[in-house]
Amino acid sequence: MRRFLFMRLATALPTLLGMSFIAFAIVSLAPGDPVMQELRAMGVVPKPEDILAIRAQYGLDKPFFSRYFDWLIRALQFDFGQSIASGRSVIDEILIHLPATLALALSSLIGAIGFSLALGLAAVSAGRATGAALRGLTILLVSVPSFWLALLLIYVFVFQLGWGRLVGDGSIGDLILPTLTLSLGAGASLGRVVYERVRAEMCEDHIRLAIAKGLAPPVILFRHIVPRVIGPLATTWANTFGALLGGAVIVESIFGWPGLGQLILQAISQRDFPVIQAYLVFMGLGFFITSLLADFIVILSDPQLRREVSNG
Amino acid sequence: MDDIIRKTRYLPVLRLHVSAGRVGLVLGLFLLAEFVALGLAGYVIALPSPNSMDLLARLDGPSADHPLGTDHLGRDVLARVAAAVHISLGAALAAMAAILAIALPWGIIAGLSGGRVDAVMMRLADIIMAFPMLVLALAIIGFMGASLQASILGVAAAWWPSNARMVRALVLAAKERDFVHAARLCGASRGRIVLRHILPQILPPLAVIISLETASVLLALSALSFLGIGAQAPTPEWGAMLNEARPFFAQAPHMLLVPGLAVSLAVLAFNLIGEGLRDILDQREPYQW
């Protein structure tokens, strides 16, 4: 297992390097000169020699790749410089907002997994009419945009029933509505995958054999189908987590949940490049770690792969 | 005899019996036709201009003058929703065209070359896929500045790698068919093999992918406009209209309902078409207990 972990990380290294390069390049190639912006922010009319001096101070006179390696070395120490807008250190800003976003994404992922399993399995085992109705419901839920769903939920639960509140302070209770919004949408698209996978599995011969042996449906489902679909599902769970990290931006901005979404939207409108850069790196890392976890589940769930890994 | 075989192969829809997929497909096509009709409605019936304001009729509910009510500036909601058809669907189709323009050649070249070329091309796609898609789109909009064009480019840049991967998977399966080998042995050129033997094979599953991906691109673009970093304020766009409606939530719920329904139904249309096509193409029957 240790060897596998080592190999997996070794093959991930080029990807991680490429990711960091993209994060750097997107911001470095952006139009607008950061030096001029900073000088303008300070309210100074720049003289040519001042500009040159500041360029040298930030290392902007160096060639592109040497700047990239400087940035990479600092990024490895979690030093992303200072926010152009607030002047505070970027990493502090990110760390303040990161836990809220992670909490939202994780709780939504759990909700979505539960919802999708229920929906997908019900659609598979139900009769023709109920199954079609459940699939219709799934497609409908996939199609409703999360921001509209959020507004509808606010309308019903906050304005009509008065159960929640709109301006939260980041307590657990304020997490319920945003989580519900995200897990309904993500759960429906996951449910579609569950349905596809289970249905594909039910076309296989070993299921036919199991039915012919007279096994009870729950036994077939949990002993013969679930072990075979759990691996591929884990990969989609990881992808869903990535989608939730992105979707969180939308839902956070509606519910006022104090996560990274607020920070990044502000950074985009103020063209605060160091913040955008760090956000990209952190979201990429979070996604990378989840994919790694998913790979473990894939291996643990597949006896053949498990044997290969423990022998090799 | 040959003729009959060809017909049944190319027109599977003709075997008439009702199934959930077929109903969905028809429903989806019908919804899409409705949107086209709504988009063209301005040419047929006299709708007020989407940006003309009637300051005396702000936040009005549905009435004879304004069938779907007015917004906070007294603009006709129906006219704006109809005008947004071009922009919202147009943006989604433009993004989808850009995605396919990259993903199709990328996937076909990677799938056909194999070996080192394939490995390098897929690695490059993997690097971009290592970011959550919406997050990457946000970053690209961040560096280009908020506009509808930036959001189209951002979505295209974030969405193409996964599409390239799907195209490659289809090509890998398609190129192993015996008749493709036979064509190659007959000395057919690469271009001919791709155009005459590979593309026709991958087109039906590709139609499913395109339709489902258009749905997700449409969702993403309207979400970006809703966040205020896609289409900008006076532009009639469904997401942007919802964004403008947010402060008037309690007073004028119709401002929220109409564009929200428009996005949902448009996305639903593409999803139904995609799922319906998939159902028709997938002829496997699960064993029932």
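R135(A) counts as buried, because 23 C-beta neighbours lie inside 10 Å. The cut-off for burial is 20 or more. R135(A) sits in helix α6 of chain A. Its C-alpha atom is 42 Å from that of F21(A), a residue 114 positions away along the chain. The model described here is predicted.

## The two chains

Chain A holds 13 helices and 0 strands. Its pattern along the sequence is α-α-α-α-α-α-α-α-α-α-α-α-α. Chain B holds 10 helices, again with 0 strands. The C-alpha trace of chain B spans about 75 × 50 × 45 Å along its principal axes.

| Chain | Residues | Buried share |
|---|---|---|
| Chain A | 312 residues | 39% |
| Chain B | 289 residues | 45% |

For chain B, residues 24 or more positions apart account for 68% of the contacts with a separation of 6 or more.

## The interface

How many residues of chain A are in contact with chain B? The count is 48, and they meet 41 residues of chain B. On the chain A side, two or more residues each come from α1 (2-28), α6 (128-143), α7 (146-160), α8 (176-202), α9 (205-213), α10 (217-255), α11 (260-270) and α12 (273-301). Helix α10(A) gives the largest share, 10 residues. By class, this side of chain A has 36 nonpolar, 9 polar and 3 charged residues.

## Helix α6 of chain A against helix α10 of chain B

Two packed helices are described by the angle between their axes and the distance between the axes. The crossing of α6(A) and α10(B) is right-handed.

From α6(A), the contact uses I139(A), L140(A), V142(A) and S143(A). From α10(B), it uses S264(B), V267(B), L268(B), N271(B), L272(B) and E275(B). By class, this contact has 6 nonpolar, 3 polar and 1 charged residues.

## Helix α10 inside chain B

Helix α10(B) has 29 residues. It reaches 42 Å from its first C-alpha to its last, close to the 42 Å expected at 1.5 Å a residue. Is α10(B) enclosed or exposed? Of its 29 residues, 21 are buried, so α10(B) is largely enclosed by the rest of the structure.

Within chain B, α10(B) also packs with α3(B), residues 77-113. Their axes are 11 Å apart and meet at an angle of about 30°. Angles under 35 degrees count as roughly parallel, so α3(B) is roughly parallel to α10(B). The crossing of α3(B) and α10(B) is right-handed.

V77(B), V81(B) and L89(B) supply the α3(B) side of the contact. H254(B), M255(B), V258(B), P259(B), A262(B) and A266(B) supply the α10(B) side. By class, this contact has 8 nonpolar, 1 polar and no charged residues.

V251(A) lies in helix α10 of chain A, the helix with the largest share of the side that touches chain B. V251(A) is buried because 25 other C-beta atoms lie within 10 Å. Leaving aside residues up to four places away in sequence, V251(A) touches S146(A), A150(A), P178(A), T181(A) and L182(A). T236(A) is 15 residues from V251(A) in sequence, and the two are 21 Å apart, C-alpha to C-alpha.

Helix α11(A) has L260(A), G261(A), L263(A), I264(A), L265(A), A267(A) and I268(A) as its buried residues.

Note on methods
Residues are numbered from 1 along each chain as its sequence is written. Chains are lettered from A and ligands numbered from 1 in the order in which they are written. This is a predicted model: local features need pLDDT of at least 70, side-chain atom pairs count only at pLDDT 80 or more; totals for chains, interfaces and linings use all residues. Helices (H or I, at least four residues) and strands (E, at least two) are DSSP runs, numbered from the N terminus. A residue is buried if 20 or more other C-beta atoms lie within 10 Å of its own, exposed if 12 or fewer, and partly exposed in between; C-beta atoms are placed from the backbone. Two residues are in contact if their C-beta atoms, placed from the backbone, lie within 7 Å. Ala, Val, Leu, Ile, Met, Phe, Trp, Tyr, Cys and Pro count as nonpolar, Asp, Glu, Lys and Arg as charged, and the others, Gly among them, as polar. A crossing is left-handed if the near helix is turned anticlockwise from the far one by less than a right angle, and right-handed if clockwise. The expected span of a helix is 1.5 Å times one less than its number of residues. Axes are lines fitted to C-alpha atoms, for helices over the stretch in contact, and angles run from 0 to 180 degrees between N-to-C directions. Angles under 35 degrees count as roughly parallel, over 145 as roughly antiparallel, 65 to 115 as roughly perpendicular and the rest as oblique.
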